[in-house]
Every structure is written in structure tokens, then in C-alpha cells.
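Please read the following note alongside the sequence and the model. It takes up a few local features in turn.

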Amino acid sequence: MSKGHSTFLEYRIYRKKFLGTIIVVIVLCLSAFSGVLFFFIRNWVNDVQIQSQYRFQQKERQLENVQTWTRSYVEGLYTDAALMEDLKALFGAVNNQDYIAKRRENSLNSDSEIRYVPADIKKLFLDGRTKICGVTLRSDNGIKALRMTNYDLWVDFECRTIEDVKTIPGFGDIMASSYSVRDPDTMSISMGTMDFWISTADFYEVNDEINASWGIFDADGDMLAHSKMSPQQEAELFQAALRGVQFGWLENTGSRRTFFTKHTSNQGTFSYVVIKSIGELVADNRYVVGVIGTTLFLIAFGIILFTNMQLKADYEFLSKIIHMLSHMESGEFADVQEEDLSSERRKNEYGMIAVALKDVGTKLQGHIQREYVWKLKEQETQMRALQHQINPHFLYNTLETLRSRALLEGDRDTADAIALLGALYRARTHTKDTITLGEEFKLLEMYLKIMELRFGDNFFYQVELEDALREIPTVSFWLQPLAENFFTHGFDRESMYNLLIISGHAQGPDTVIEIMDNGSGVPADQLEQVQKTMREGNDDPEADIGLRNVYMRLNYFYGNGFKMEIGNNPEGGFKISILIPGKVEEDVHIGDRG
């Protein structure tokens, strides 16, 4: 027994307990960390949603204010007849010269000073609340784009489509409002449409409240503005978010798990999209994550440290017990009595074991002193008795000598028979009571080979066992008595063909062993008595040898479900059928075999 342990980790019981504690603590801490982190991530995701919703609603209200101001401006145009006359001229002009001509005509036909619409619209551009970047007048006579450059308002007559208007530098890319302007003299006639444009770059400036990637897209999915220049992968994520609902998780993002929130404007034809990955969320809140991780680490470290201290204290006392066992193993019982347990004695199982060991050591020391001389005398007597018993090795050596002499004389059959006999005797001597079915069949074949050498050419045998059945547990030495039954009762020396067949095959979950021969069989009037004797026995002293013996041993070994049937073959000979149940009793075990 080992005496040189230096730490408790060298004891398997403590090593397994300590390592098991570490594994459990790590698993629990990781699970707790994952659960807490998941809880916080959900809250952080909700915060991003709330912030994006709040910011979007702010801009929606600003856009609604722009629409209110522009509506008021258009309604105010109808109250100024001179201004409406100039607006009518601007709608009807096809170029700047045409507009100048129409203004000249209005001036000649009016007694008062004519008004100039671009100068009046300029106040919208100068009003910082409206954030108007451009105005378009659309009619059958084309599109006029009004824009401000260096505090001067310019009218562009060259645009053919709205897309041309969007290409004008600084004009704006979101149509904030649009109104149909009608002829004040004939309200059923529309002069055209007045559109007011704002710029996403001015309207949705970068907002530090949302630490995420955001983008603004028109109805066609084209990006109007974004928080920063996005790489191609991020642009693809924005497009995927546009196809989704208001909130969701993006697919095909790999380990970079990414969510999005989308808001569609009720005031204009554009959408506001925010995307952010879980990794970015964790990075933004790394202080919180660090606090959670540090807390759980300290808890885990404290549990492991406490376990270490407890195991170390137990180890020190267990070392004392093992030291006492080492003395007892060496027969040094006097040293066990000298062990001092006063400082380590405990009221637990270790203390009880230590005290019990010391008491046992004291008693054994006295017992050894009393019994030592008597034991020596008893061993001397036993040695003398053993010298008069048959030594199995003497028999093995004798058989080997006879086999060698037969080989020298050229009698190989005799030599083979002696070798098989020696091998069979050795196997029977070293075989335990419980073996496998494959081993029992192997021993049977050794016996049948001896009988084949004995009877020459008038005996034949066949042994078959399915491979799947070889590991089934069974008792030893029961197939050979059944084979001997054939040589005792059924073998015909005058016959040129004596056949014995032993087979084993599976039948559902059960195993069936069959022993068949072509001998004389059992007379019909005696068969019933043989069956009864096999199951119940009788007063015949030979009844325990043969069928009765085998039946009793197998029935005891296999219990419920075991069957053993005997009878005559229709074509002649004797047959024994044995059914081994598929499930052996729980207390059946295969013992060690020599």
C-alpha cells in the first residue's frame, strides 16, 4: 500500500471529487453567464429598438411640421392675387424667356406692382425650421426647379423628369409634401403641382444616441443616407432588412448574429432601417459583461477554494488511516497502537474508522501472539498431508511422458489421444463453475476428438454454435455428460456409422441447444419414466449422474423459462432439446477462469 502521497490529488476519491466539483462549477457558471448575458442582450436589443423608434418619431414629427408649414404657405398663395398671377405665369412658361415675357404682359395689364414668386418662396429656404432645399413646379409645360445658391434663388427650366431634379447638387432627395395648385379664377382647373423637397443629409444628421448602423431608403430601395460608409456586406444586410418586417434577425450572418429594426414613414415614401450585431452590443456594454464575468469567476473560485480546503482537511486525516493500514499490512501492529489520534479524532466516519482500526490492531497483535506457534504446527501438518495427495502436475508430466514415448514408437493416434486427454483434464481442473457457452462447446469438442480416436472410422460427430451465442453464460461440464449418454446407451459398435450432432442456434431472444444421434433410442414404454426421473429423480444412486444431474444444474442456473425435453427421433435415434431463456437471472455471473 502506498505511503508517500504528498497531496490529496493523488487519492483517486479526492481527485475525482475535486475535478468533478471544478467541472460542475465551470458548467454552472458558464450556464449562469450565458443566461444572464442573454437577459441583458434582450434588454439591450429592446433599448436599440426604443431609441430607433423614438428618433424616427422625432423626425416624423419634424416632417409633419414641414408639411404643415408648406400647406400653410400654399394656402396663403390664394390670398394674394398678384402672387397667384405670377405663379400662373411660372407654371405656364416653357423656359426663362417665356417666363419673362409673361411677367411683362402681367405688368402691362396690372395697375399695381407685380409679384415675384421665387422671391416669395425664398423665405421658406431661409427659414431653418422647414429645412426646405428645393421646390418643383410640375405642369404640362414641364418641370421648373427652384433652388438656392449663395443666398440667391434660381429657377431651372432644363429638368425633364424628377430624376433630373435629384441630380441637382444640394436640391434634396425626399419629397416632403406635394400640393395641386388650381386657377383662382376657375378652381376646377389645375395649373400644376408644387413639390417641396428636403435633404436626408440635413434632416437625418448623425445622432450619437443610436450607436448602430442606420440607413434611409426610398421606395425603390436606393440608399438616400447612412450613418457611415458601409462595406458591401453591410449594404447587403440593409437590403435584407428592407425585405423583412418591422423587427427580426438577419440570416446568413454566421457567428456575427445581427438584428434589424425598420420604420416606414407615414409622411413620405422612405424607410428608416437600423442594424446592429450582437458582438457590437456586447462590445458597447463590455463593462457590464466584465462585471458579470468577474462576479461569476469570483464565485466559482470561492467554491473551488472552499472545496480544496475541505478535501485537504479530509486528506490529512485519511493519510493517517492509510498509514495505519500500511503498518497493519506489514504486520506492524505495535506501531498501530502507538498512533496518536487525540488531535485528529473526529465525530464523523473517518474518526470512527481510525478508532476501529486502532482497536483491531490491538486485538490482532494479541491474537497473533497467542496463535503464532499453533499456526506453525498446523501448517507443518498440512504440508505433510499435501505431500501424500496426488499432484496434478505429476499427472500432466506423466501423460506428456507417455505421449512422447508413443511418438517415438510411431503411434501418432495414441500420442494425439494422450495430448487431448491431458488438455481436457487441465481445462477441467482450471475451469470455474461458470463459463461461456462457447467455452463449454470447445471442451465438448476436445472430448469428442478423444472418442473419435478411440472408435476409429465408425464414429462421426458434428458440432455447430452460432457466433452470436458464444458469450452466453452457462455452468461448466454439462454437454460432455449428455454426449457420454450416447456412448453408454446409444452407440452401436457393430454399426459402421454412428453419428452425434450437437448444435446451438437462436430462437427469437432465446437459445436452443439440440443433441441428436442415430443410435438405438429409448424404448417407447420406458421414455416416460426416463423423463420423470430426469425431472423428479428417484432412489437410484446413479440418477445424479447423467440427465438428472444436467437438468438440475441448468434449471437452477437459468431459473424461469428454462426447458429440457427428451425424445426419440422419428427417423431413429435419441434427441435432447434444451431452451435457454433470453434473459439470465441477475445473480448469475461469469467467474474468473484459469
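This is a predicted model: local features need pLDDT of at least 70, side-chain atom pairs count only at pLDDT 80 or more; totals for chains, interfaces and linings use all residues.

1. Residues are numbered from 1 along each chain as its sequence is written, and side-chain values use heavy atoms, with hydrogens and water left out.

2. Leu298 belongs to helix H9 (residues 286-329); helices are DSSP runs of H or I with at least four residues, and strands are runs of E with at least two, numbered from the N terminus. Leu298 is exposed, its relative accessible area being 53% (exposed means over 50%, buried under 20%, partly exposed in between, with a 1.4 Å probe and protein chains only).

3. Asn498 is found in strand S14 (residues 498-507). Asn498 is buried, because its relative accessibility is 2%. Leaving aside neighbours within four places in sequence, its contacts include Phe459, Phe486 and Asn518 (contact means heavy atoms within 4.5 Å). Between Asn498 and Phe486, 12 residues apart in sequence, the C-alpha to C-alpha distance is 9.8 Å.

4. The whole structure holds 19 aromatic pairs. One of them, Phe459 with Tyr461, is stacked, at 6.1 Å centre to centre and 25 degrees between the planes (rings of Phe, Tyr and Trp, the last by its six-membered ring, pair if their centres lie within 6.5 Å; planes under 30 degrees apart are stacked, over 60 edge-to-face, the rest tilted). Phe459 is buried, at 1% relative accessibility.

5. Phe459 and Tyr461 also belong to one aromatic cluster, together with Tyr447, Phe486, Phe487 and Phe491.
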